[in-house]
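Subject: Structure for you to look at

Dear colleague,

I am handing over the structure we spoke about, and below it you will find what came out of going through it. Please read the notes with the structure open beside you.

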Amino acid sequence: MTQFYRNYLAVAVFAVAALGMVGAMLGVGRLVRPNRPQPEKYIAYEAGSDPIRGFGQSNVRYYVYALLFVMFDVEAVFIFPWAINLEALGVSALISMIVFILVLTLGLVYAWRKGVLRWA
Amino acid sequence: MNPLGVASIVTPGVDWLGVAPVALLALAAIGIVLQRSILRRASVAYPSALIVAAVGIILSAVALIAQWHRVQTDGSYTTLSKMVAVDGFSIFIGGVVLVATACSVLLASRYLDRERLDGPEYLALMLLSASGMLAMASANDLIAVFVALEIVSIPLYVLVAYDRRRSTSLEAGMKYFLLGAFASAVFLYGVALTYGATGSTGLVGIANYLSEVTLLERGTLLAGLVLMLVGLGFKVAAAPFHMWTPDVYQGAPTPVTAFMASATKAAAFAALIRILYTALGGSSSDWRPLLWVLAVLSLLVGSIGAVIQTDVKRMLAYSSINHAGFILIGVQAGTIKGVSSALTYLAIYAFLAVGSFAIVGVVAGRGDADSDLERFKGLSSRRTGLSWAFTLLLLAQAGVPLTAGFIAKFGVFSAAAGAGGTSYVLALIGMLTAAIAAFVYLRIAATMFTPAGEGDQVLASSKVDLGTGIVIWFSCALTIVIGVAPGFLLGLAERATLLFLR
Amino acid sequence: MIVTPTWYLVLAAALFSIGAVGMLVRRNVIVMFMCVELMLNAVNLTFVTFSKTLNDLSGQVAVFFVLVVAAAEVAIGLALIVAIFRRRHTGTTADDISELRG
């Protein structure tokens, strides 16, 4: 086995392990769970919305979560380069990032206090 | 060495006074959001938010004054690794923005109450937008300009659509958002191309590169210049990028319209002037013809478009396009005098616009829906003081002597005459369109002094509350004072231009 | 075949044009919105390419800001769409929302 293929050995091990894990979980689940078939259970799962009727009009309530997710997800863009260089940048960078995250958190606190996180 | 392969990163030094006006406004906005998260009762939340906003605006103004004194003695300087320029120009525009913001906040209190809208969020958004405008006035790097532009625009999109229950407000917000985002993207592509052509995003860096190197292939730079002009043309509402202006000005809540017409225009022009004069000052032969065309189109579209409108808010929107044309006359002159005349015009137009929209807001009454010209019929008999104030502001917008509007127009015309050549033609076109626009203003004034007929429905207008009263008095007083004794403002603008960092 | 930076610039210009044209011809608000995102990402590609050819990091730093601004715009845009949808319960095309004219 050349060095080139040996590098991919870890990937292969991972793939086998991942498949094994999924198989084991589903298999154990099948052995343990009770079996009561109902028609609703055979509809494709689309996060709670009806997959057949109402196509293209996803529930507006999800948008709020999408908004909050997008904000926090993209702010991570600043955190990665910061984290890599934190030692070189020193304390001032740490304080700056804490302030940045506090401001972001304030937005979340505001949304929470306003009650948009409640599923109504 | 770190994983990025960069030998060392030097964190830029911060001159706290230089960023204080921006930071204080942003802090006030954050403070309002914070206290809104804690206090949910509307009766407590709004007054306390108003106090925080007032403190923020006043502290920011104090910081600006401190900057002014420092710049007078020590000269202009930059901070945050040349991202932020603190000079007379940025302080002057900052002052205009702060005054316009204070006026819009004064207008808002009664309005929000009348339309039953949430107050604290409105103030927070307005302060955030204003902090972006201050940042824009002192942005000395194209990336800083872009970020500031977005800090201005994103709260404005929300503010325009703030009256969620009124579909016209939502529609205006959507239109402003789509076109604004489009304009930002176009501007940004211009920034990218300019960066590619010159190897720098700093305005001074671009200027240095262009003065040292003769570009063999100028295509990229010119494309970048044109795209940046298109993007900023949208923001200042210059024709042919004006399509959104009437709809958005009409649909937005009136205090927001006043804010957009005064403060946003000043900030966007500040960015435009700084990019053109600092970064591309050496290649003014490239951008002067472009601005010439923009100015002519804005003058014509603004004045002729206003004639065919029947809604006063739309008329004022077109007149705002016309005024953008006049300011462009000053900018395209490419001289020191041109910049100072544009600054004077921006300052004067700011309070003319705020005062005019304040009166429209009062007359339109609850729901903010009806600002049709019909509604102004016979206003003089019902509200004598209000109609005289509006007449004064309209005459000033037309440029009648002994009002501030005359000083503004005279300044840009003499700057154009000083630049000579094609600017001369532009000044002539400007005078022609001023005459056309004057017809519109006189038409509004005449309608107010026509007695309402038998069949005309006379609808009740709102009362003038304290805040609105202060704004109207303030703008009328300034109109006359500056019209009679313009020396102080002209001196300030000249001093600000002399301290313009290049 | 060697892929030169020019290829990336041309690709970015093409993407930007697709976005700009889509913005002008499509009427669905969400699609128009996606077109703006496409334009911004085309700009990002331009920035990164120039950053590579000029051997200068500031172009890549610019991309960070653009990404974040784009996210903020997404948030506002989606919120506006939700607000309009709640208000009218109609489709989201630009023709559905046009009362203001004159």
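Please keep in mind that this is a predicted model. Ser320(B) counts as buried because 28 other C-beta atoms lie within 10 Å, where 20 or more are needed. Leaving aside residues up to four places away in sequence, Ser320(B) touches Ala237(B), Thr245(B), Ala261(B) and Ala353(B). The C-alpha atoms of Ser320(B) and Val236(B) are separated by 9.3 Å, although these two residues are 84 residues apart along the chain.

Turning to chain B as a whole, there are 19 helices and 2 strands in it. The radius of gyration of chain B is 22 Å, close to the 23 Å that the globule rule gives for 502 residues, so chain B is as compact as a globular protein of that length. Of those 502 residues, 63% count as buried, and among the contacts in chain B between residues at least 6 apart in sequence, 80% join residues at least 24 apart. Along the principal axes, the C-alpha atoms of chain B fill a box of roughly 80 × 60 × 40 Å.

Chain B also meets chain C, in a contact that takes 36 residues from chain B and 33 residues from chain C. On the side of chain C, the elements giving two or more residues are helix 1 (5–25), helix 2 (29–54) and helix 3 (58–88), with helix 3 of chain C supplying the largest share, 15 residues. That side of chain C divides into 22 nonpolar, 6 polar and 5 charged residues.

With best wishes

Note on methods:
Residues numbered from 1 in each chain as written. Chains lettered and ligands numbered in written order. Predicted model: local features only at pLDDT ≥ 70, side-chain atom pairs only at ≥ 80, totals over all residues. Buried ≥ 20, exposed ≤ 12 C-beta atoms within 10 Å, placed from the backbone. Contact = placed C-beta atoms within 7 Å. Helix = DSSP H or I, 4+ residues; strand = E, 2+ residues; numbered from the N terminus. Rg over C-alpha atoms; globule rule 2.2 N^0.38 Å. Nonpolar A, V, L, I, M, F, W, Y, C, P; charged D, E, K, R; others polar.
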